[in-house]
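Take the points in any order you like.

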Amino acid sequence: MATSTRIPPAPLHYRVEIGNLQAHLFRVTLTIAQPAALQRVALPVWIPGSYLVREFSKNLQGLQASQGSRSPAPLAVEQQGKSSWQIACSPASALVLSYEVYAHDNSVRTAWLDASRGFFNGTSLCLKVEGQEALAHVLELPASKAMSGWSVATGLRPQKIDPQGFGRYEAADYDELVDCPVEMGLFWSGSFTARGVPHRFVVAGAAAASFDGARLLADTQKICEAEIRFWHGSKKPPHKNYLFMLNAVDDGYGGLEHRNSTALICSRKDLPRLGDSKTSDGYATLRGLISHEYFHTWSVKRLRPAEFESYRYDRENYTELLWFFEGFTSYYDDLLLRRAGLLDNAGYLKLLTTTVNQVLQAPGRQVQSVAEASFDAWVKYYRPDENTPNATISYYAKGSLVALCLDLTLRSEGRTTHGATLDDAMRALWKRCKAGALRELDLAAVLETLGLRSFAPELARWVHGRDELPLKELLEQHGVAVLEEPAQLAQRLGLRVAENHSVQIKTVLRGGAAELAGFSAGDEWLGLEPAGKPQADAGWRMSRLDDLTLYAGDAKKVTALVSRDKRLVRLELALPPALTTWRLAVKNEARINEWLDPRA
């Protein structure tokens, strides 16, 4: 709320305003009250939660420095590295830095500015002042004519703001400043309370005529209450308030967690619609994303890898534990949707089926362990190419299946009177690590305490090894039928393709029929010649992969006509026998409820 009390100058003050709306430029003025004689500043090269060096400094321009309140004297700015600068100045006077940042990345990771919306993460706009990271930081967001009708939403603590949210915000240190993104614009806003904690949801870009904001709020409230109950029972969570920021676009998906907020992006068509009580696949996916990012409030933002206890913003921060922090979160995001009453057992198993097949159909699971995948995220997961499925495994997907196997193993062994679960392990880790730094040995110790035996063999095989997970056995023990059905044609051939007037080969999976025939990523599959067919069926043009079965019939071999670097190539393709894929179904309702909904 606005107040007339005079606020003393902050040690570090950032003023962020529009520099040039049409050019997508923010203007930033940083005032350092007590600079060092040789003051060094730097912009982060990555944002926590997204493990890739993104070189945010590429968007910073026109950095200038000055001192003196009446007649500011310009100072020389010396660039020392790709994202760091040094200014020689007087420690007796405030140092003022000004610069612009180009903001045209419509994702959750960086910054965006156009005529209808502004968004930024502090890692993209706010220079870090070396030696003063632990001091209080103030962010000022002044209103302007260019922002007429706009409002502001952020997880930062308001210091002095107007009813639209423009004004001054404070952060205890640099980490908090850059962990609270800012949304500005003509957005929809709603609120609810979960376990006594106020939550706000803002949505930019929704189609107002069809968007059902009330349903989104009601469903999100159920998710938040289920997750707070999971971690704390009837007690309150560690955050005093929470903010969801959703950007609805024509085509997009993703999220990035923060300590008391999350930035989300989804396709506009996936939002819930007025008058439609059904849950589309897109909206189901959005609810899963909301559940995932909210779970991170506990797991990774507070309970975090020991290597992340103090972030280094100028380089990669390696850990082998993303399989736990992202994988276990991926396990619980859908499971807690079930416990929140937003999925039934069949709906949950449908989602689990997708994850299981994603892992089983990735040859990379036999090449890379999930611990290695975590460490290699900086160079592999966020830089996918045509060989990624053959060389890597997703620490999200396989990590979630490791969580599943540990959970079902604990439940099936039932060595304690009450029967330990992974739920118990997560809450025990929260207490053991005091909601802070976690190491794998902490998980091992908690599992041993709850399961009354060492889980070192399982962690060695499932996390650090490449053994197949005992999914079928464990699922069947808990009331799930594991059915095998014919795989899709692309999977049978070992291909991932795009179809647009022809079949474009995107990935050739290791060991598949297509690889044995000599297909390569980048090939364009134009047609086929069935072996042993009459002259009338000598050759056919293909526009879709399904044309293969139409024109080849029961042939065991075909000659594939492929364009490679504008040359026509003939490849002898042996059509493989039918492969199968998994489908999970409810077999024993009572048994499965013991796992999926203990309160049922």
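1. Serine 299 sits in the loop between H4 and S22; helices (H or I, at least four residues) and strands (E, at least two) are DSSP runs, numbered from the N terminus. Serine 299 counts as buried because its relative accessibility is 0%, where buried means under 20% relative accessible area, exposed over 50% and partly exposed in between (1.4 Å probe, protein chains only). Leaving aside residues up to four places away in sequence, serine 299 touches Trp231, Phe324, Phe325 and Thr329, a contact being heavy atoms within 4.5 Å.

2. A word on the basis of these points: this is a predicted model, in which local features need pLDDT of at least 70 and side-chain atom pairs count only at pLDDT 80 or more, while totals for chains, interfaces and linings use all residues. Residues are numbered from 1 along each chain as its sequence is written, and side-chain values use heavy atoms, with hydrogens and water left out.

3. Threonine 297 belongs to the loop between helix H4 (281-295) and strand S22 (304-305). With 0% relative accessibility, threonine 297 counts as buried. A polar atom of its side chain lies 2.7 Å from the backbone oxygen of tyrosine 294; a polar contact is a pair of N or O atoms within 3.5 Å, and within protein one must be able to donate a hydrogen and the other to accept it, with residues adjacent in sequence counting only if both atoms are side-chain atoms. Not counting residues up to four places away in sequence, threonine 297 touches His239, Tyr242, Arg259 and Arg302.

4. Now for a sheet. Eight strands form an open sheet with mixed pairing, in the order S5-S4-S8-S2-S1-S12-S15-S14; two strands pair if DSSP finds at least two bridges between them. Strand S5 (73-75) and strand S14 (157-161) are at the edges with a single partner strand each, so one side of each has no neighbour in the sheet. On average, neighbouring strands of this sheet are turned by 25 degrees against each other, direction ignored. Within the sheet, strand S1 (residues 12-20) and strand S2 (residues 25-32) run antiparallel and are joined by eight bridges. Isoleucine 18 has phenylalanine 26 in S2 as its bridge partner.

5. At what angle do the axes of helix H7 and helix H10 cross? The axes of H7 (residues 345-360) and H10 (residues 397-413) cross at roughly 115 degrees and come within 9 Å; axes are lines fitted to C-alpha atoms, for helices over the stretch in contact, and angles run from 0 to 180 degrees between N-to-C directions. Leu352, Thr355, Val356, Gln358 and Val359 in H7 meet Ala397, Lys398, Ser400, Leu401 and Leu404 in H10.

6. Further along, strand S25 (residues 495-499) and strand S26 (residues 503-508) pair in the antiparallel sense over five bridges. Glutamate 499 has valine 503 in S26 as its bridge partner. Their hairpin has three residues between the strands, and histidine 501 there takes a positive phi near 70 degrees. S26 is also joined to strand S27 (residues 524-530) by two bridges, and these run antiparallel.

7. Lastly, two loop residues to check. Most residues other than glycine have a negative phi. Arginine 195, in the loop between strand S17 (188-194) and strand S18 (197-204), has a positive phi near 55 degrees. Alanine 435, in the loop between helix H11 (422-432) and strand S23 (437-438), has a positive phi of about 55 degrees.
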